[in-house]
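This report walks through one protein chain, beginning with a single residue and its neighbours. Please look at the sequence and the structure before reading on.

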Amino acid sequence: MRRAVVLGGSIAGLMAARVLSDHAEEVLIIERDPSEVDVGPRPGVPQGSQVHALLPAGQAQLERWFPGFAKQAFAAGAPLPTGGTGKVFLNGVLRTAPMSRPQVPGLITTRPFLEALVRKRTLAIDNVTLVPGRAEGLVLDDNRVAAVRYVPDGGTEPVTVTTDLVVDAMGRSSRLGDWLDSSGWPRPPMRRMPIKLNYATALYKRDEQVSDAWVAVAQTTPGNGRVARIGGINSVENDQWIMLVAGYDNDRPSRDADDFTNRCREHFPQEFRDIAEHAQRIGDVVTYHQADSRRRDFHELDRLPAGLVAAGDAVASFNPIYGQGMTSAALHASCLSAYLRSDPALRDEPARAYFEQVRVVVDAAWQVSTFADLDLPHVDGPYPRGYRLIRWFGNLLFRASMTDGVVNDRLARVTTMLDHPTALARPSTLWRAVRLRFLPWTSAW
């Protein structure tokens, strides 16, 4: 390619640009936010202040495209994990099965810290340039995308730049569907699942005299008088804890520091209470609301212009408590690499092979997150075929994972996107979970 243009410079756009740098003479990233993101969350990422998780599959992809990335992150201040300090609570009960051991030390950081490193590595590539500006539309010619229109930062008039390939990485609020519709092309069908998730997050100075918490997750599932909630603690760069509490629907944590502390005290295990009551809070409590999970099914389109792909949240965004967003974006980048290495006819044919590969990633993440969200009392579908059976089996696996290391490892490989959900359908896994459930004399029960 002579030139490729990426619309959006978040994780999905940066990863796509890295891949494109191997296939295009010039890669332009059009991004409305400044390139210096070290100081904190960017305006275009309103959830940037909240807890983020880079799943092991995402870390593997970062290491693939930026060799030595983890080592660089640790040198820049990312904390090295300590063994045996991760805790998982389900309905107030501590998981006794050992946490799954990653093959390499995991990266646990804030979103701005991680994104800044990805951006620096991407922009260090000679043929990649970030152009501050706001994307305004596409120029389509003879059934393909021929150019992109954007307004440069500080300007008022749009500029047109020709391109051989456009990547939509504009996130959940992508306007690509509107642009296609206005040019006589169908917009991708969108599926939504209302989750009504409400976050509140605060940073604290890490102090071992207050708590030895490294990573902790506490989930309360709905039913039997319980209200669905989730909380998380991560030890991150600069010797800090980042801690969240979350609720659904009308259960809305506020920015009030006393409300945050009360929620930690009343609804979560001791680790949360200790930090909220005794650690030094840094800055204000910040909140975030996500109304739904959504996916745009480009693979279902019967007409699609050539020279156009989408990645990251522009394709699908999920309930963020499962941490699938950044990892999915990284996997989409490798889908793009596989597509480009197949020597496609970029100028003549739509990128259907790319969207079919992305569909596999989206389907896997969607299944893991939405099946769990369908248990929420305010979520009323859509219910997939076989939902009751899969729900029963999923709950069985989840319960078994609390005490059994083998089931825990297999389930963890799926929830961290190292394995596809179909891996859990192996007879040995099913039999082990059933045996643990119905044979009360086993050690697990």
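## Leu138 and its surroundings

Leu138 touches Leu7, Val145, Ala147, Val148, Arg149, Val166, Leu176, Trp179 and Leu308, leaving aside residues up to four places away in sequence. Contact here means heavy atoms within 4.5 Å.

The model is a predicted one, in which local features need pLDDT of at least 70 and side-chain atom pairs count only at pLDDT 80 or more, while totals for chains, interfaces and linings use all residues. Residues are numbered from 1 along each chain as its sequence is written, and side-chain values use heavy atoms, with hydrogens and water left out.

## Nonpolar cores

Leu138 is also among the residues with the most contacts inside the largest nonpolar core, together with Leu7, Met15, Leu20, Leu336 and Tyr354. That core has 79 residues. Helix α8 (residues 325-341) gives the most to this core, namely nine residues. Another core, of 22 residues, lies apart from it and includes Ala228, Ala246, Leu376 and Tyr387.

A nonpolar core is a set of buried Ala, Val, Leu, Ile, Met, Phe, Trp, Tyr and Cys residues joined through side-chain atoms within 4.5 Å. Buried means under 20% relative accessible area, exposed over 50%, and partly exposed in between (1.4 Å probe, protein chains only). In soluble globular proteins, nonpolar side chains tend to be buried together.

## The seven-stranded sheet

Seven strands form an open sheet with mixed pairing, in the order β7-β6-β5-β2-β1-β8-β14. β7 (159-162) and β14 (308-310) are at the edges with a single partner strand each, so one side of each has no neighbour in the sheet. From one strand to the next the twist averages 40°. Strands (E, at least two residues) and helices (H or I, at least four) are DSSP runs, numbered from the N terminus, and two strands pair if DSSP finds at least two bridges between them.

Strands β5 (residues 128-141) and β6 (residues 144-152) are antiparallel and pair over eight bridges; Gly137 has Arg149 in β6 as its bridge partner. Strand β8 (residues 165-168) is covered on both faces, with Leu165 and Val167 buried on one side and Val166 and Asp168 buried on the other. β8 pairs in the parallel sense with strand β1 (residues 3-7) over four bridges, where Val6 stands opposite Val167. Three bridges join β8 to β14, also parallel, and Asp168 stands opposite Ala310 there.

## The eight-stranded sheet

An open sheet of eight strands has the order β4-β3-β10-β11-β12-β9-β13-β15, again with mixed pairing. Its edge strands, β4 (93-94) and β15 (316-317), each pair on one side only. Strand β3 (residues 86-90) runs parallel to strand β10 (residues 215-220), joined by five bridges, and Leu90 stands opposite Gln219 in β10.

Helix α9 (residues 352-373) packs on this sheet and touches β9 (190-205), β12 (240-248), β13 (281-296) and β15. The direction of α9 makes about 110° with that of β13. Axes are lines fitted to C-alpha atoms, for helices over the stretch in contact, and angles run from 0 to 180 degrees between N-to-C directions.

## The chain as a whole

The chain has twelve helices and 15 strands. Of its 445 residues, 54% are buried. Its C-alpha trace spans about 70 × 50 × 40 Å along the principal axes. Among contacts with a separation of 6 or more, 72% join residues 24 or more positions apart.
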